[in-house]
Amino acid sequence: ETPSQKEFCQIESGQEVEVGDFRVSALALNHPQGSLAFRIKEDGEGGKETSLVWATDTEHPADMQQDPLVNFAQGADLLIYDAMFTPEDYPRYQGWGHSTWLYGTKLAREAQVGELVLAHLNPDYDDRRIAEMEKRARREFSSTRFARDNLVIKV
C-alpha cells in the first residue's frame, strides 16, 4: 500500500551485505525464537567509519568474556541494546531472551562504544521506574539514555 519500492534480502549471522552506501553485518543473539544483531557501517569523511549496532531481543551470558557482542560492537558510535529487565527482576525471567540495563552499560564500556541507548523496555515499568533506571545506568556509563517515543539520534 506504500508507494516506495522495497527490496528484501536474507542475511545470516556472520554475513555482510551492502545496502546503498551502508554495509550491514549480522550476529546471532541469544533469544528463544532466534534473533540477530545488526551493525550498520558507513565510510564518512576522511575514511572514518561511522557505525551503529542494534542488539535487542537478546539475553546476556553469565560471563561477558563469552559474549560475542563485545567484539561485534567494538568501537561503534552508537549501541542500541535490550534493557527489558532491571538486574533485580532479571532472575525471575532468566531464559526469556532479554537483558538488563546494567549488563548493557557493562557491554558498552567493554566494547568502548560512543553512546548507549537502552531500548526494548518492559511495558510493565512506568515512567518513574524508567527514569530511575536511566539515572542508575548513567552512573555506570555516562553516555547512556533510554529510548523514548519520537527520539531522534544523529550518528
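Contact here means heavy atoms within 4.5 Å. Helices (H or I, at least four residues) and strands (E, at least two) are DSSP runs, numbered from the N terminus. The model is predicted: local features need pLDDT of at least 70, side-chain atom pairs count only at pLDDT 80 or more, and totals for chains, interfaces and linings use all residues. Residues are numbered from 1 along each chain as its sequence is written, and side-chain values use heavy atoms, leaving out hydrogens and water.

**Exercise 1.** Work out the strand order of the open sheet and find its edge strands.

*Solution.* Start with the order: the 7 strands run E1-E2-E3-E4-E5-E6-E7, with mixed pairing. (Two strands pair if DSSP finds at least two bridges between them.) Next, look for strands that pair on one side only: these are E1 (16-19) and E7 (144-146).

Now step inside the sheet. E5 (residues 78-82) and E6 (residues 115-119) pair in the parallel sense over 5 bridges. For isoleucine 80, the bridge partner in E6 is valine 117.

**Exercise 2.** Decide which residues of helix H4 are buried, which are exposed, and what the buried ones pack against.

*Solution.* First, sort by relative accessible area: buried is under 20%, exposed over 50%, partly exposed in between (1.4 Å probe, protein chains only). Ile130, Met133, Glu134 and Ala137 of H4 come out buried. Seen down the axis of H4, they fall within an arc of 105° (taken from the directions from the helix axis to the C-beta atoms), so they line one face.

Then turn to the face pointing away from that buried side: Arg128, Lys135 and Arg139 are exposed there. Finally, trace the packing: the buried residues of H4 pack against helix H3 (101-111), E6 and E7.
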